[in-house]
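Here is a short briefing to read alongside the model. Please keep the sequence and the 3D view open as you go.

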Amino acid sequence: MSAHARALIVDDDPIARDLVTDALSSWTVQIHQANDGHHALEVLAESDFDVVVTDHLMPGIDGVRLVELIRSFSTVPVIVLTAFPSVQSCERALLSGASRYLDFRSHLNELPEIAKQLVEKAETFSTAISP
């Protein structure tokens with residue numbers, strides 16, 4: 001795995017953004033934050049990231065729509081977090097191309113390990129298909 005993992009955290013709630021940032025700071029070197037889906041797309045247009053972690057429920061572009069938009073130009077792993085999990089929203093997120101769908105309250109402590117695994121898997125896949 002890259003020693004310099006770059007993560008983008010997307011959430012309209014600054015406290016939630018900071019909690020996710022704190023959780024991921026144990027292994028990522030660079031963490032960037034975006035306060036909504038529009039801002040995330042601007043940041044993604046300017047920089048590459050190893051993983052994106054987005055809130056599900058946000059005004060404007062919600063997490064599922066953000067995943068759909070990201071999938072139109074990138075295969076970066078995307079984790080959708082929610083404080084209000086449901087089978088329907090999980091299905092929507094995964095069908096849109098999310099790598100994982102997690103309950104914010106139950107899985108925040110596991111987030112770094114899950115993100116690492118997704119980044120390693122993406123790097124392995126990328127290496128395998130490179131000439």
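In which order do the five strands form the open sheet, and is the pairing parallel or antiparallel? The order is S2-S1-S3-S4-S5, and the pairing is parallel. This is a predicted model, in which local features need pLDDT of at least 70, side-chain atom pairs count only at pLDDT 80 or more, and totals for chains, interfaces and linings use all residues. Residues are numbered from 1 along each chain as its sequence is written, and side-chain values use heavy atoms, with hydrogens and water left out.

**The sheet**
- Strand S2 (30-34) and strand S5 (100-103) stand at the edges with a single partner strand each, so one side of each has no neighbour in the sheet.
- Neighbouring strands are turned by 20 degrees against each other on average, direction ignored.
- Strands are DSSP runs of E with at least two residues, helices are runs of H or I with at least four, and both are numbered from the N terminus.
- S1 and S2 run parallel and are joined by five bridges; two strands pair if DSSP finds at least two bridges between them.
- Opposite Gln33 in S2 you will find Ile9, while Val10 stands opposite Ala34 in S2.

**The helices**
- Helix H1 (residues 14-24) packs on the sheet and touches S1, S2, S3 and strand S4 (78-82), with its direction at about 165 degrees to that of S2.
- Helix H2 (residues 37-46) also packs on the sheet, touching S1, S2 and S3, and its direction makes about 160 degrees with that of S1.
- Contact here means heavy atoms within 4.5 Å; axes are lines fitted to C-alpha atoms, for helices over the stretch in contact, and angles run from 0 to 180 degrees between N-to-C directions.

**The cavity**
- The structure holds one cavity of 30 Å³ or more, that is, a set of points on a 1 Å grid over the protein atoms alone where a 1.4 Å probe fits but cannot get out.
- Its lining residues, which have an atom within 4 Å of a point, include Ile9, Val10 and Asp55.
- S3 gives the most to this lining, with three residues.

Note on methods
1 Å grid on protein atoms, 1.4 Å probe; cavity = no way out; pocket = protein on both sides within 12 Å on 5 of 7 lines; lining within 4 Å. Points joined across faces, edges and corners; volume = space filled by probe spheres on them.
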